[in-house]
Amino acid sequence: MRLRFWGTRGSIAAPGPGTNHYGGNTSCIQLTTHDGKHVVLDCGTGARLLGNQLMADAKGPISAAILLTHTHWDHIQGFPFFAPLFAAGNHFDVYGPEKCHLSLHDVLSGQMEHHYFPVELDQLAARITYKDLTEGTHQICGMKVGAQHMNHPSPTLGYRFEYRGVSVLYLADHEPFAEGVWRDGAEPGRIESILEPGDRRHAEYMKDADVLIHEAQYTPEEYVTKRNWGHSTYAYVVELAAAAGVRRLFLTHHDPSHDDAFVAEIEQRARQLAQRLGSNMEVSCAYEGCEIEVG
Ligand SMILES: [Zn+2]
Ligand SMILES: [Zn+2]
């Protein structure tokens, strides 16, 4: 399968000369299978550019699965600007985590009420279905998709794709369950030695992944004042991913205050940490336009 990052920014779009390389658009990733099926992972502002590209390339009706990790702004704001939704004949299945009070359809239609947007959700010309997902294994576009809850203020799911012997995970947004990763007296670097059961489960989920895309909004220094905001540090992600035997790690959901030089420094620090841990995992900060072939 092929992956392309259309938005790598967290919280709010951050365009400008300082973010030209890593990109200013919020979360959106395109996953394309070998037989040409499209999965859109999150619909941040990057989805606008993806939609335009799909329209330009289309030789017939467009269909895709849209998987939302959750419905915070930075993961849905590109949805009303995704051009293929406005064309009759196109077909989309939209998936997102089940909530207590509102359905996925109601939340998405909320951001398109007339106070906020000129076109209402149910006026979109494409045929669209909405599916509220729970934790567990689902079949989407011929792939096995394992959904698991993240630790985040709004109900949020991570997704693990298994396709022709290849595994790809997309985990955003998520905050560590505990302050420290390792249990006192236990050997660090092993999943069994992880202190908090939630973090252990998170590491198990990413076990032996070919590609892990994980949010890493903060440095450990910044995290001190950002506890309970629902985000990870690159250090937490590298420690868990290395223990889980991940082969390639892409850090994403870059903080809007981080310019290209700062994100590049995070990438260096994350690579050095992986080396210190004795891991040969490849570590990169994802950038807008970045394309990866997997399998
Ligand atoms: Zn986010
Ligand atoms: Zn969020």
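Trainee: What spacing do the donors of the zinc ion (ligand 1) follow along the chain?

Mentor: Along the chain, the donors of the zinc ion (ligand 1) follow the spacing D-H-x97-D-x79-H. Before we go on, a word on conventions. Residues are numbered from 1 along each chain as its sequence is written, while chains are lettered from A and ligands numbered from 1 in the order in which they are written. This is a predicted model, where local features need pLDDT of at least 70, side-chain atom pairs count only at pLDDT 80 or more, and totals for chains, interfaces and linings use all residues; side-chain values use heavy atoms, with hydrogens and water left out.

Trainee: Which atoms coordinate the zinc ion (ligand 1)?

Mentor: Donors are N, O and S atoms within 2.8 Å of the metal (3.2 Å for Na, K and Ca); water is not among the atoms, so sites may look incomplete. Here Asp74 (OD), His75 (NE2), Asp173 (OD) and His253 (NE2) coordinate the zinc ion (ligand 1) at 2.1 to 2.2 Å.

Trainee: What do the angles say about the site of the zinc ion (ligand 1)?

Mentor: Four donors count as tetrahedral if all angles lie between 85 and 135 degrees; four count as square planar and six as octahedral if opposite donors are over 155 degrees apart and all others between 65 and 115; anything else is irregular. The angles among the four donor atoms of the zinc ion (ligand 1) run from 89 to 164 degrees, and its site is irregular. Helices (H or I, at least four residues) and strands (E, at least two) are DSSP runs, numbered from the N terminus.

Trainee: Which residues coordinate the zinc ion (ligand 2)?

Mentor: The zinc ion (ligand 2) is held by His70 (NE2), His72 (ND1), His152 (NE2) and Asp173 (OD), at 2.1 to 2.4 Å. Its site is irregular, with angles of 92 to 169 degrees among the four donor atoms. Have a look at Asp173, which bridges the two zinc ions, ligand 2 and ligand 1, lying 3.5 Å apart. The peptide bond from Ala172 to Asp173 is cis, with omega near -5 degrees.

Trainee: At what angle do helix 4 and helix 6 pack?

Mentor: Axes are lines fitted to C-alpha atoms, for helices over the stretch in contact, and angles run from 0 to 180 degrees between N-to-C directions. Helix 4 (residues 197-205) and helix 6 (residues 234-244) pack at about 60 degrees, their axes 8 Å apart. Angles under 35 degrees count as roughly parallel, over 145 as roughly antiparallel, 65 to 115 as roughly perpendicular and the rest as oblique. Helix 4 and helix 6 are therefore oblique to each other.

Trainee: Which residues of helix 4 and helix 6 meet?

Mentor: Contact means heavy atoms within 4.5 Å. Asp199, His202 and Ala203 in helix 4 meet Tyr236, Leu240 and Ala244 in helix 6. They divide into four nonpolar, one polar and one charged. Ala, Val, Leu, Ile, Met, Phe, Trp, Tyr, Cys and Pro count as nonpolar, Asp, Glu, Lys and Arg as charged, and the others, Gly among them, as polar.

Trainee: Where do helix 6 and helix 7 meet?

Mentor: The axes of helix 6 and helix 7 (residues 260-276) come within 10 Å and cross at roughly 35 degrees. Tyr234, Ala235, Val238 and Glu239 in helix 6 meet Ile266, Arg269, Ala270, Leu273 and Ala274 in helix 7. This contact divides into seven nonpolar residues, no polar and two charged.

Trainee: How far apart are His38 and Ile66 in sequence and in space?

Mentor: His38, found in strand 3 (residues 38-41), is 28 residues from Ile66 in sequence and 8.5 Å from Ile66 in space, C-alpha to C-alpha.
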